[in-house]
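Subject: The structure I promised you

Hi,

Here is the structure we talked about.

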Number of protein chains: 2
Amino acid sequence: MASRDEVMDANIDAARIFRGPTRIDRLPADNRGLAYGDGIFETMRGAGGELPWWERHWRRLQRGAERLQLPLPPESLARAEAEQLLGSADAVVKLLLTRGSGGRGYLPPPVAEPVWILSRHPLPAPEPSLVTVRWCRTRLSLQPALAGIKHCNRLEQVLARAEDEPDTAPGGAAGEGLMRSTDGDAVCATAANIFVLKRDCWTTPLIDRCGVEGTMRGWVLEQVPVEQRRLCVEDVESADALVLVNAVRGILQVGRLGDRVWAPHPAVSALRRRLSTAHPAFPLPPSGPGPMELS
Amino acid sequence: MASRDEVMDANIDAARIFRGPTRIDRLPADNRGLAYGDGIFETMRGAGGELPWWERHWRRLQRGAERLQLPLPPESLARAEAEQLLGSADAVVKLLLTRGSGGRGYLPPPVAEPVWILSRHPLPAPEPSLVTVRWCRTRLSLQPALAGIKHCNRLEQVLARAEDEPDTAPGGAAGEGLMRSTDGDAVCATAANIFVLKRDCWTTPLIDRCGVEGTMRGWVLEQVPVEQRRLCVEDVESADALVLVNAVRGILQVGRLGDRVWAPHPAVSALRRRLSTAHPAFPLPPSGPGPMELS
């Protein structure tokens, strides 16, 4: 799939780098994404050579760019290049948008030409029907100025994921952990939003102080009534069902969190069934239960 | 100065990129510094072809690397390459250390080979004898896990610097602003630590929840008795003298902060005189006052 001049590195299938509308062959060393994490990104699940949720991702990218006053490349070009990079594959396409080049120092240049990178990555492994998660020790700091957007300052998530001790979670480990804010409220997983079902009511944490406004989160909010509010650890642990959602892995139900164990819940199955009709990358698992209304 | 194969970009004089001990010609597209700000950096003031405070910078880099569990290149190689890149220049040398390559996702690879970049930059403009600063609107979030280290998650500083309105601060503007935490305490400037003098006693904010353990801060702590504690805005504004310190610009006294105006203070002059003997890049200004003891 990769053309001769695509950048190839060990962990990606292929990548293309651009400055504004122009393809370039390497990332400039004065890139502000590299220096300061001065950028935002989208991770899109491709299916059969298409990026079905391109519009959702692009809208979120626009919101992040507006917040950080980042310049954007033309959408039509970005989409065409992303689809060309995907080719006919079932793969993940990542779009990383940086503020481009800058001098030494935090001050953004008055006029910035965006440097953006498209990369293609293998699909994640097939998901188990229930996943095991833990509470991370690393907390999310409260920063309303950055909350919601998918920016590239992700050391908190890196630290949280590095806590993983796979030996202690045999079988069904999600490669995920739940994160609390420094205030103690439950916010999200390291790379997913969370939804909590209790007495047939869905709730999800507010992301006004930390956390990311996920595209799959946005999709779920359009499907069922969901209350957005501050959630505590007890709200999560006493749930009737707990799910992790993101745009690459879809909807994952948690089966175990510490001593707490959950069985598959019909409301989650119903949500996944609806997703299977909304995005071709998330077909129903073969042994799903019969039809069931969304709560 | 730059050898034929050095990376050249618009905003830097020269750069060299390494993977572990090996020089490479471009940054791999799967670099985790680029993806997540998963790295740390040092900015060193060179003088006459030397990096006089190399050891201070390397020790801080080591502390940051230990906190984030980042792999380090051999110090002898890094130093030799940094000095070679500096050449005989009076310039700034930046060392950016990243966790190197990784797959998609926050989980650090079990064994990482560091990718590190050395770049040479022009000296800052000559400093005025007194600088003007303002309070930034952007606050620093509280994150003890990252406080103190000079990591590459710097969007808060980028947002704070982007607030600058040069038209409102004619003459002597420091290109700097003072930052408070989300809790309201005064912490630092966007790219400098602060010291406050009151009734002949120096104090500086604790950096246990946010802020950076600056190398110039460390030097000052070795020179004079300084109390490290939580400072409020009133502590700063009621000071007898307020200084900004960092390793590139040295010691800058604030002459104006909003309505507050300060005259040059002999204790600051004494500190700068001492610095002039400790680092050749910071000679005394020609019109400095006569000898004076440190308070």
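Let's begin with a word you'll need: a residue is called buried if 20 or more other C-beta atoms lie within 10 Å of its own, exposed if 12 or fewer do, and partly exposed in between, with the C-beta atoms placed from the backbone. By that rule, 51% of the 295 residues in chain A are buried.

Before going on, note that this is a predicted model: local features need pLDDT of at least 70, side-chain atom pairs count only at pLDDT 80 or more, and totals for chains, interfaces and linings use all residues. Residues are numbered from 1 along each chain as its sequence is written, while chains are lettered from A and ligands numbered from 1 in the order in which they are written.

**Chain A**

Chain A has seven helices and 15 strands. Helices (H or I, at least four residues) and strands (E, at least two) are DSSP runs, numbered from the N terminus. I'll say that two residues are in contact if their C-beta atoms, placed from the backbone, lie within 7 Å. Take the contacts in chain A between residues at least 6 apart in sequence: 68% of them join residues at least 24 apart.

The chain is split into domain 1 (7–121) and domain 2 (130–278), with bounds that come from an automatic or database domain assignment. Taken over C-alpha atoms, the centres of these two domains of chain A are 26 Å apart. Where they touch, 18 residues of domain 1 are in contact with 10 residues of domain 2. On the domain 1 side, the elements giving two or more residues are strand 4 (39–45) and helix 2 (54–68) of chain A.

Is A:Asp13 buried or exposed? It counts as buried, because 20 other C-beta atoms lie within 10 Å. A:Leu85 is 72 residues from A:Asp13 along the chain, and their C-alpha atoms are separated by 9.6 Å.

**How the two chains meet**

Chain B can be laid on chain A with an RMSD of 0.0 Å, using a turn of 180° and a shift of 0.0 Å along the axis. That is the relation of a two-fold axis. The copies were superposed by least squares on the C-alpha atoms of residues with pLDDT of at least 70 in both.

At the interface, 55 residues of chain B are in contact with 55 residues of chain A. Which element of chain B gives the most to this side? That is helix 4 of chain B, with seven residues. The copies meet through the same surface, because 100% of the interface residues of chain B are also interface residues in chain A.

Helix 4 of chain B is mostly covered, with seven of its eight residues buried; among them are B:Leu155, B:Val158 and B:Leu159. The buried residues of this helix pack against helix 1 (32–36) of chain A, together with strand 8 (178–180) of chain B.

**A pair of strands in chain B**

Finally, strand 11 (residues 201–205) and strand 12 (residues 226–229) of chain B run parallel and are joined by four bridges; strands pair if DSSP finds at least two bridges between them. Across this pair, B:Thr204 stands opposite B:Gln228.

Cheers
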